[in-house]
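Please look through the sequence and the model below before reading on.

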Amino acid sequence: MNTLKEKFDKAGQGHVFKYFDTLDNPQQDALLGQLESVDLDELNHLNETLVFAKNADAGIDFAKLTPAPYIPLPADKTTDAKWQEAKKVGEAAIKAGKVAAFVVAGGQGTRLGFNAPKGLYKVTPVKQKSLFQVFAEKILSASRKYGVRIPWIVMTSHINNDATVAFFEENNFFGLDKNDVIFFKQGLMPAVDLNGKIILESKGKIAMTPDGHGGCLRGMVRSGAVAELKKRGIECVSYFQVDNPLVDIIDPYFVGFHLMGKSDMSSKMIAKAYPLEKVGHFCMLDGKLTVVEYSDLPAEYQEQTDENGKLKFIAGSVAIHILDVAFIERLGSSTNAADRLPFHRANKKIPFVDENGNQQKPEKPNGVKFEMFVFDALPMAKNPVIIEGFRGDEFSPVKNAEGLDSPLTCKNHQKAQWARWFAAAGVNVDTDKNAVPSIDIEVSPLFASNQTDFVEAWNKLDPKPAVKNGLYLA
């Protein structure tokens with residue numbers, strides 16, 4: 001303990017021991033455990049570059065910003081030669097056991113009024129399946145289709161890990177082999193006040209906050225997940241976030257373009273629905289692919305159009321990526337600043353202990369949390385590839401209790417997708433002006449996870465069920 005205290009004293013952070021002698025033994029052990037996890041050199045660097053530096057908030061030179069190129073969706077990718085070549089390459093890699101799935105699932109469903117891990121939230125219209133079940137069935141479906149075990153990496157958090165693991169166990173891993181589901185916890189970073197001092201959240205606890213979705217790269221390395229993937233011969237992972245049940249997790253087209261491009265990291269773009277949609281923008285800056293958040297890109301740029309009236313900055317980033325395992329390992333284990341994701345500063349309201357030892361909950365931001373963004377890996381990636389995805393088959397997140405990106409809009413988008421699949425099979429489903437069926441229907445990924453497979457599976461049914469309210473195909 002004395003050695004640790006000396007380190008914190010030397011770093012100007014000795015105040016974290018202020019109440020140490022008033023704590024009981026378990027509280028002292030817990031605090032020491034927290035402090036041992038703090039990288040003081042890294043924290044000092046972050047203070048110098050993000051808390052104290054006058055140019056820490058230096059903006060982007062928008063004059064140098066241009067829209068990023070991408071591979072557009074053809075009118076019919078099932079007959080397009082380039083897309084069919086990508087599919088062939090992708091399917092070969094999947095069958096060879098070179099692809100794993102990876103979901104970032106560290107959050108709670110707070111904005112949904114749901115006091116549990118977000119992955120437990122029920123999203124489907126008939127069977128009320130959880131997000132985790134939808135994803136598991138998509139992975140299981142691909143495993144059966146391609147005759148291969150597909151590992152699934154699940155990044156949890158210190159807050160929701162136990163509940164997440166218990167949920168999988170209670171549901172027998174939704175049919176997956178439990179050895180193919182690999183959990184690890186998101187990393188934590190100490191929060192500091194506006195003077196760079198670590199915040200004491202209570203007398204025996206420092207304030208720790210998640211290190212952002214970009215922290216998944218070093219989290220995968222530190223947890224041993226990367227070593228496990230390498231042992232299994234996995235070469236790339238399909239990355240997605242837990243709030244989007246429409247995501248095509250094991251997409252052979254996407255895998256194929258990634259491999260054909262000899263890319264370290266590839267991304268899917270979705271064309272923005274309207275100019276000021278709250279998504280990141282794929283852009284080129286100084287010859288590097290980058291993502292500029294909607295909050296950082298001036299409205300005049302978001303609204304720019306070309307000579308055909310089409311949005312210039314139309315390529316929306318929706319957190320769907322493929323990353324090479326070797327690339328993850330390099331960025332996640334490097335001690336070289338040039339090969340590590342940068343941290344970003346976020347001012348937050350963080351509970352703290354005042355001079356009298358009483359906990360206070362501030363009414364305005366009083367501290368700084370440090371977080372990384374996974375898309376910051378794109379400028380470091382060799383040959384990054386972007387392909388276009390169709391929104392109706394790729395993206396409908398559940399973020400808000402009501403309005404846009406809500407459970408209702410997500411259910412409607414799922415139903416609209418299945419109605420299109422029925423139409424492709426020659427079955428008409430009555431829909432409203434937004435192409436949403438008036439009846440509740442549901443297609444399990446174990447029946448089909450894309451339109452082509454649906455048509456084939458439907459045509460094999462004999463007899464065929466009536467398409468009516470409550471229809472569930474599994």
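A search of the whole structure finds 0 disulfides, a disulfide being a pair of cysteine sulfur atoms within 2.5 Å. Cys236, for instance, is in no disulfide, and the nearest cysteine sulfur, that of Cys216, is 15 Å away. Cys236 is buried, with a relative accessible area of 2%, and Cys410 is buried as well, at 0%; here buried means under 20% relative accessible area, exposed over 50%, and partly exposed in between, with a 1.4 Å probe and protein chains only. The model is a predicted one, in which local features need pLDDT of at least 70 and side-chain atom pairs count only at pLDDT 80 or more, while totals for chains, interfaces and linings use all residues. Residues are numbered from 1 along each chain as its sequence is written, and side-chain values use heavy atoms, with hydrogens and water left out.

Helix H6 spans residues 161–170, and its buried residues are Asn161, Thr164, Val165, Phe167 and Phe168. Seen down the axis of H6, these residues fall within an arc of 155 degrees, so they line one face of the helix; the arc is that of the directions from the helix axis to the C-beta atoms. Helices (H or I, at least four residues) and strands (E, at least two) are DSSP runs, numbered from the N terminus. An α-helix has 3.6 residues a turn, so residues three or four places apart point the same way. On the other side of H6, Asp162 and Glu170 are exposed. The cover over the buried residues of H6 includes strand E4 (114–117), helix H5 (131–146), strand E5 (152–156) and strand E6 (181–185), contact meaning heavy atoms within 4.5 Å.

After H6 comes Asn172, with a positive phi near 50 degrees. Phe173, in the loop between H6 and E6, also has a positive phi, of about 55 degrees, although it is not a glycine. Phe173 is buried, with a relative accessible area of 10%, whereas Asp286, at 58%, is exposed. The phi of Asp286 is positive too, near 55 degrees, and Asp286 lies in the loop between strand E14 (280–285) and strand E15 (288–292). Most residues other than glycine have a negative phi, and most peptide bonds are trans. A cis peptide bond, with omega of about 5 degrees, joins Asp462 and Pro463, and Pro463 lies in the loop between H14 and strand E23 (471–473).
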